[in-house]
Amino acid sequence: MKIGIIGIGSLTLELAQRASFAGYEILIHHPRGNSFIQQTTESIRNAKLVSLQEAAMGDVIILFVPREDLEKTIGMLPDMTGKIIVHTSGLIFNPKLLVSSITSALTFQITASLLPKAYVVKLFSPVMLQPQKTSLVTKSKDEIYFAGDHIPSKNTVKTFLKDLGFDPFDLSSRLKSQKTVLLHKKNSLLNVWYQHHYKSN
């Protein structure tokens, strides 16, 4: 099974490392590639740097792209119909309340709206506030959280995360509630973006 990774951050790098140990083939594309990314990729077994189009050919695509680059990057992707896209831009500080930044929620919803024929699953990495637990470098069976609307895709992602040694929890109902609240706030970033995007298209 091939895992495409578009964009490198602390979480996507850890996912790549864990996936390589689990026997997956890793296809990495970093839009702002540099020598550090090259060296890091070379240090991961079964991983290689590829073009955006090649990374998009993975069975599961892990996406970590800043909001300002999101529409441009997605616009350059090939047909993503039926693809599983794992969106990873958010950190949460309280998994029970799904406390996450509005920008993170906005980025996820933009991704989902720009890829209407793909199955977008949101992946959250918990950040513990105790000083000794702030690192994203994790150990076996660490908790991780995901959310989405398409059950088969969520099951695929859940199995993948278990293969990587995580203990995954589905927060779909909480994310749905968060989206509803944000869309009903007249001046929220999410509401403003939806109005602008659909009026201009």
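**Figure 1. Salt bridges in the predicted model.** The structure shown is a predicted model, and 2 salt bridges are counted in it. Side chains of opposite charge can pair when their charged atoms come close. One of the bridges joins the side chains of glutamate 14 and arginine 18, with an N to O distance of 3.0 Å. Both glutamate 14 and arginine 18 belong to helix α1 (residues 10–21), where they sit 4 residues apart, about one turn of the helix. Glutamate 14 has a relative accessible area of 7% and is therefore buried. Arginine 18 is buried too, at 11% relative accessibility.

**Figure 2. The salt bridge between aspartate 170 and lysine 154.** Here the side chains of aspartate 170 and lysine 154 meet at 2.9 Å, N to O. The pair links distant parts of the chain, 16 residues apart: aspartate 170 is in strand β8 (residues 166–170) and lysine 154 is in helix α6 (residues 151–163). Lysine 154, with 11% relative accessibility, counts as buried.

**Figure 3. Strand β4 and its pairing with strand β1.** Strand β4 spans residues 60–63, and both of its faces are covered. Val60 and Ile62 are buried on one side, and Ile61 and Leu63 are buried on the other. Strand β1 (residues 2–6) runs parallel to β4 in a pairing of 4 bridges. Within this pairing, isoleucine 6 has leucine 63 of β4 as its bridge partner.

**Figure 4. The largest nonpolar core.** This core holds 27 residues. Which residues have the most contacts inside it? They are Ile3, Ile5, Leu15, Ile26, Leu123, Phe160 and Leu161. Two or more core residues come from each of β1, α1, β2 (25–29), β4, β5 (84–92), β6 (119–126), β7 (142–147) and α6. The largest share is that of α1, with 5 residues. Another core, of 19 residues, lies apart from the largest one, and includes Ile6, Leu27, Val50 and Leu52.

**Figure 5. The surroundings of isoleucine 3.** Isoleucine 3 is among the residues with the most contacts inside the largest core. Leaving aside residues up to four places away in sequence, isoleucine 3 touches Tyr24, Glu25, Ile26, Leu27, Val60, Ile62 and Phe160. Val60 and Ile62 are the buried residues on one side of strand β4.

**Figure 6. An aromatic pair of tyrosine 24 and phenylalanine 160.** The model has 2 aromatic pairs. A pair of aromatic rings is described by the distance of the centres and the angle of the planes. For tyrosine 24 and phenylalanine 160 the ring centres are 5.1 Å apart and the planes stand at 85°, so the pair is edge-to-face. This pair also links distant parts of the chain: tyrosine 24 is in the loop between α1 and β2, phenylalanine 160 is in helix α6, and 136 residues separate them. Tyrosine 24 is buried at a relative accessible area of 8%, and phenylalanine 160 is buried at 3% relative accessibility. Both residues touch isoleucine 3.

**Figure 7. Threonine 41 in helix α2.** Threonine 41 lies in helix α2 (residues 35–42). Its relative accessible area is 5%, so threonine 41 is buried. The side chain of threonine 41 reaches the backbone oxygen of isoleucine 37 at a distance of 2.8 Å. Not counting residues up to four places away in sequence, threonine 41 touches Ile28, Ala47, Lys48 and Leu49.

**Figure 8. Aspartate 59 and lysine 2.** Aspartate 59 is placed in the loop between α3 (52–55) and β4. With a relative accessible area of 43%, aspartate 59 is partly exposed. What does its side chain meet on lysine 2? A polar atom of the aspartate 59 side chain lies 2.8 Å from the backbone nitrogen of lysine 2. The C-alpha atoms of these two residues are separated by 5.4 Å, although the residues are 57 apart along the chain. Beyond residues up to four places away in sequence, aspartate 59 touches Met1, Lys2 and Ile84.

**Figure 9. The protein as a whole.** The protein has 8 helices and 8 strands. Of its 201 residues, 48% are buried. Among contacts between residues at least 6 apart in sequence, 66% join residues at least 24 apart.

Conventions:
Residues numbered from 1 in each chain as written. Predicted model: local features only at pLDDT ≥ 70, side-chain atom pairs only at ≥ 80, totals over all residues. Heavy atoms only, no water. Buried < 20%, exposed > 50% of the residue type's maximum accessible area, 1.4 Å probe, protein only. Pairing = 2+ DSSP bridges. Salt bridge = Lys/Arg side-chain N within 4 Å of Asp/Glu carboxyl O. Core = buried A, V, L, I, M, F, W, Y, C linked by side-chain atoms within 4.5 Å. Contact = heavy atoms within 4.5 Å. Polar contact = N/O pair within 3.5 Å; in protein donor to acceptor, adjacent residues only side chain to side chain. Phe/Tyr/Trp six-rings, centres within 6.5 Å; stacked < 30°, edge-to-face > 60°.
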